[in-house]
Amino acid sequence: MENSAIQIAPAAQQDYPQWVEYWLAYQNFYKVALSSAVTQSTWQRFSDDAEPVYCAVAKQDGQVLGFVHYVIHRSTWAEQNFCYLEDLYVSPEARGQQIGKRLIEYVQQQALRQHCARLYWHTQESNRTAQKLYDWIAEKPGVIEYRMPLN
């Protein structure tokens, strides 16, 4: 696989079958099973201009190799919005090609275009593979996340 032939672009309707396959693999990695209603709602938000939720895909010769989801949101810590990179997945067959890095850089460019004050994301402590990439391109602020179920 040549990096030069890989394109990063907003997801299009024809990307759905490949995206959903990877979306389910991503959920499996994190040991969650979101409902099909959540999956459908998520996919539809990507093409709704009123929603600040976005998806970009890495493609080569029409084949989706990975995706990134991100959300632009307000913050109490800045006048400008923040950009939260919520999900990042690269097909196991395509890993090692810096596709994850390129997807993050795509989100970085989108955040800059929208004048965001910060781009940030989370990962599991056990996801050492992803942390190698993240430690290479970003800083780790030492934040610990807590969650409280609401339903």
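Why does Gln40 count as partly exposed? Gln40 has a relative accessibility of 33%, and partly exposed denotes values between buried (under 20% relative accessible area) and exposed (over 50%), computed with a 1.4 Å probe and protein chains only. The structure is a predicted model, in which local features need pLDDT of at least 70, side-chain atom pairs count only at pLDDT 80 or more, and totals for chains, interfaces and linings use all residues. Residues are numbered from 1 along each chain as its sequence is written, and side-chain values use heavy atoms, without hydrogens and water.

Gln40 belongs to helix α2 (residues 36–46); helices (H or I, at least four residues) and strands (E, at least two) are DSSP runs numbered from the N terminus. Val20 is 20 residues from Gln40 in sequence, and their C-alpha atoms are 9.5 Å apart in space. Helix α2 also contains Val38, which is partly exposed at a relative accessible area of 35%.

The sheet is open, with five strands in the order β1-β2-β3-β4-β5 and mixed pairing; two strands pair if DSSP finds at least two bridges between them. Because β1 (7–10) and β5 each have a single partner strand, they stand at the edges, and one side of each lacks a neighbour in the sheet.
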